Amino acid sequence: MHGLPDLIQKNKSWAENLNAEDPSFFSELAKKQIPEYLWIGCSDSRVPANQIVGLLPGEVFVHRNIANVVVHTDFNCLSVIEFAVAVLKVKHIIVCGHYGCGGVKAASQNRHLGLIDNWLRHIRDVRNKHEAVLKDIEDENERHDRLCELNVVEQAHNVCHTTVVQQAWEKGQELAVHSWIYKIQDGLIRDLGLTITGLDEIAEAYRVAVGNDV
Ligand code: CO
């Protein structure tokens, strides 16, 4: 078996449809990209950034990894944030997790899975930080959902503490960090209420978003 003819054909139809709607779409897109949004989401195939917020090519810059984790030593993620903020001048960074996240679930199970254990360690840290609240949630699915939400809040909080974002705010650049969670079962996004637009808002917004969890 060679190639993937089905996908190549789907791509052709997709491009033809876009061209039919707007014959200058691709030629204009080729000139430059001016996205307003940076999306940091999970790699899960059911949570595709562009589709779920109805954006076209050119409208959202995207970074995805398992369980939408933002680590201060991850130069892949940090480089994406730097390019998006310093060069593209995006106005919004959206950290979007999802309920039923397999990465978050694996992190809560303490099983040894291999290399990914090191990555999931960051989510285990989130779980440990909020253990007092999580342990009081008896229903396993509800507890898992809450950890998915807390993971988004913590990762958005990490975005706010990156040097790139801090410097942008110090310079007075317009930039908001949002924390969202997507539900695969209904296709809808919930805003978790942690929207931060400047250095002085971080502490209070975080406190409100986690409630009495810490
Ligand atoms: Co996931």
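This is a predicted model: local features need pLDDT of at least 70, side-chain atom pairs count only at pLDDT 80 or more; totals for chains, interfaces and linings use all residues.
Colleague: Why is histidine 98 called buried?

Modeller: Buried means under 20% relative accessible area, and histidine 98, at 1% relative accessibility, therefore counts as buried. Histidine 98 lies in strand β3, and, leaving aside its neighbours within four places in sequence, it is in contact with Cys42, Asp44, Arg46, Val47, Cys148, Ile181, Tyr182 and Ile184.

Colleague: What makes Cys42, His98 and Cys101 donors of the cobalt ion?

Modeller: Donors are N, O and S atoms within 2.8 Å of the metal, and the atoms concerned here, SG of Cys42, NE2 of His98 and SG of Cys101, lie 2.1 to 2.3 Å from the cobalt ion, so they meet that cut-off. Along the sequence, these donor residues follow the spacing C-x55-H-x2-C. Cysteine 42 belongs to strand β1 (residues 37-42) and histidine 98 to strand β3 (residues 92-98), so the pair ties together parts that are 56 residues apart in sequence. Cysteine 42, like histidine 98, is buried.

Colleague: How do you know that α6 is roughly perpendicular to α8?

Modeller: Helix α6 (residues 116-129) and α8 pack at an angle of about 105 degrees, with their axes 10 Å apart. Angles of 65 to 115 degrees count as roughly perpendicular, and α6 is therefore roughly perpendicular to α8. On the α6 side the contact is made by Ile123, Val126, Arg127 and Lys129, and on the α8 side by Leu147, Leu150, Asn151, Glu154 and Gln155. Sorted by kind, the residues of this contact are 4 nonpolar, 2 polar and 3 charged.

Colleague: Why is α8 called roughly antiparallel to α10?

Modeller: The angle between α8 and helix α10 (residues 202-210) is about 175 degrees, and their axes are 10 Å apart. Angles over 145 degrees count as roughly antiparallel, so that is the word for α8 and α10. Here α8 contributes Arg146, Leu150, Val153, Glu154, His157 and Cys160, while α10 contributes Ile202, Tyr206, Ala209 and Val210. The residues of the contact of α8 with α10 divide into 7 nonpolar, 1 polar and 2 charged.

Colleague: Which residues touch the most other members of the largest nonpolar core?

Modeller: That core has 50 residues, and Leu38, Ile81 and Ile93 are the ones that touch the most other members. Helix α8 (residues 140-160) supplies the largest share of this core, 8 residues. Another core lies apart from it, with 9 residues, among them Val47, Ala49, Cys96 and Tyr182. In soluble globular proteins, nonpolar side chains tend to be buried together. As for leucine 38, its contacts beyond four places in sequence include Phe61, Val62, Val80, Ile81 and Ile93.

Colleague: What makes phenylalanine 61 buried or exposed?

Modeller: The limit for buried is under 20%, and phenylalanine 61, at 17% relative accessibility, therefore counts as buried. Phenylalanine 61 lies in strand β2 (residues 60-65). Its contacts, leaving aside neighbours within four places in sequence, include Leu38, Trp39, Val80 and Phe83. Phenylalanine 61 and valine 80 are 19 residues apart along the chain, and their C-alpha atoms are separated by 8.5 Å.

Colleague: How do you know whether tryptophan 169 is buried or exposed?

Modeller: Tryptophan 169 has a relative accessible area of 8%, so it is buried, given that the word applies under 20%. Tryptophan 169 is placed in helix α9 (residues 163-170), and among the residues it touches, not counting those up to four places away in sequence, are Cys160, Leu175, Val177 and Ile202.

Colleague: Why is lysine 89 called partly exposed?

Modeller: Exposed means over 50% and buried under 20%, with partly exposed in between, so lysine 89, at 45% relative accessibility, counts as partly exposed. Lysine 89 is found in the loop between α4 and β3, and its phi is near 55 degrees, a positive value in a residue other than glycine. Most residues other than glycine have a negative phi.

Colleague: What is phi of asparagine 68?

Modeller: Phi of asparagine 68 is near 40 degrees, again a positive value in a residue other than glycine. Asparagine 68 lies in the loop between β2 and α4 (75-87), and with a relative accessible area of 2% it is buried.

How values were computed
Residues are numbered from 1 along each chain as its sequence is written. Side-chain values use heavy atoms; hydrogens and water are left out. A nonpolar core is a set of buried Ala, Val, Leu, Ile, Met, Phe, Trp, Tyr and Cys residues joined through side-chain atoms within 4.5 Å. Buried means under 20% relative accessible area, exposed over 50%, partly exposed in between (1.4 Å probe, protein chains only). Helices (H or I, at least four residues) and strands (E, at least two) are DSSP runs, numbered from the N terminus. Contact means heavy atoms within 4.5 Å. Axes are lines fitted to C-alpha atoms, for helices over the stretch in contact, and angles run from 0 to 180 degrees between N-to-C directions. Angles under 35 degrees count as roughly parallel, over 145 as roughly antiparallel, 65 to 115 as roughly perpendicular and the rest as oblique. Ala, Val, Leu, Ile, Met, Phe, Trp, Tyr, Cys and Pro count as nonpolar, Asp, Glu, Lys and Arg as charged, and the others, Gly among them, as polar. Donors are N, O and S atoms within 2.8 Å of the metal (3.2 Å for Na, K and Ca); water is not among the atoms, so sites may look incomplete.
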